[in-house]
Amino acid sequence: SVWIGTQMCWVANFDGVNWTTRCMNSSGGAVSDIATDQNGSQWFANKYRLIFFDGTTWSTYDPAVYGYPELGGGLAVAPDIDGSVWMGAPYGATRFDGTTFFPYTAYNSTFPDLPVDVIASDLNNSLWFGTRGGGVVAYLRQPIMAIRDNSGWLDDTHYQASFEFTS
């Protein structure tokens, strides 16, 4: 099946025959990213929160409700192999374990204090974060570390990143 998110609050699913749509208006507008976890459930990032759909029930997780209003909303989303979900935020990234948000910012990690627009998992289950103007950050199942490229190709002026991992 295919999931599509729009700027005007809608998500649509095409199962090969039928389209199903849902307005996420009560969840804060534009859908910026969609990811599927290892159980086949969907996670949606939008301007204000994370939204989860297990095939039957929709759930909304708002960082402000959990005591982190400064996290803002989701720019990117990526499920992790440990069952948690990572959200790219306006000021770093946040890991959500289903009950608690754990922010990673310039104040408590090597994350630059910049938006994280893309998150991807590689073949070794390491996570890679593309920041808006701050280079690439990697989570290699050890402490988070910023990756800098001295060649100048991957410098702080690259505002978007895409990842493709091959063996």
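Gly 92 counts as buried, at 0% relative accessibility (buried is under 20% relative accessible area, exposed over 50% and partly exposed in between, with a 1.4 Å probe and protein chains only). Gly 92 sits in strand E10, and strands here are DSSP runs of at least two residues, labelled E and numbered from the N terminus. Keep in mind that this is a predicted model, where local features need pLDDT of at least 70 and side-chain atom pairs count only at pLDDT 80 or more, while totals for chains, interfaces and linings use all residues. Residues are numbered from 1 along each chain as its sequence is written, and side-chain values use heavy atoms, leaving out hydrogens and water.

**Around Gly 92**
- Setting aside neighbours within four places in sequence, Gly 92 is in contact with Met 87, Tyr 104, Phe 111, Pro 112, Leu 114 and Val 116 (contact means heavy atoms within 4.5 Å).
- Asp 113 is 21 residues from Gly 92 along the chain, yet their C-alpha atoms are separated by 5.6 Å.

**Aromatic pairs**
- There are 13 aromatic pairs in the structure; rings of Phe, Tyr and Trp (its six-membered ring) pair if their centres lie within 6.5 Å, with planes under 30 degrees apart called stacked, over 60 edge-to-face and the rest tilted.
- Take Tyr 61 and Phe 96: their ring centres are 4.8 Å apart and their planes sit at 50°, so this pair is tilted.
- That pair ties together distant parts of the chain, with Tyr 61 in strand E7 (residues 58-61) and Phe 96 in strand E10 (residues 92-96), 35 residues apart.
- Both partners are buried, Tyr 61 with a relative accessible area of 17% and Phe 96 at 1%.
- Trp 86 and Tyr 139 make another tilted pair, 5.4 Å centre to centre with 50° between the planes.
- Here too distant parts of the chain are linked: Trp 86 belongs to strand E9 (residues 85-89) and Tyr 139 to strand E14 (residues 136-139), 53 residues apart.
- Trp 86 is buried at 0% relative accessible area, and Tyr 139 also counts as buried, at 18%.
- Ring pairs also join Trp 43, Phe 52, Tyr 61, Phe 96 and Phe 101 into a cluster.

- Strand E5 (residues 42-46) runs antiparallel to E6, joined by four bridges (strands pair if DSSP finds at least two bridges between them).
- Gln 42 is opposite Phe 53 of E6, and E5 and E6 form a hairpin with three residues between them.
- E6 and E7 are also antiparallel, over four bridges, and Phe 52 has Ser 59 in E7 as its bridge partner.
- The E6 and E7 hairpin has four residues between the strands, and in it Gly 55 takes a positive phi near 105°.

**Loops**
- Asp 62 lies in the loop between E7 and strand E8 (76-79) and is buried, with a relative accessible area of 16%.
- Not counting residues up to four places away in sequence, Asp 62 touches Tyr 48, Arg 49 and Phe 101.
- Asn 125 has a positive phi of about 65° although it is not a glycine.
- Asn 125 falls in the loop between strand E12 (116-121) and strand E13 (127-131), and is partly exposed at 29% relative accessible area.

- Ile 4 is in strand E1 (residues 2-5) and counts as partly exposed, at 37% relative accessibility.
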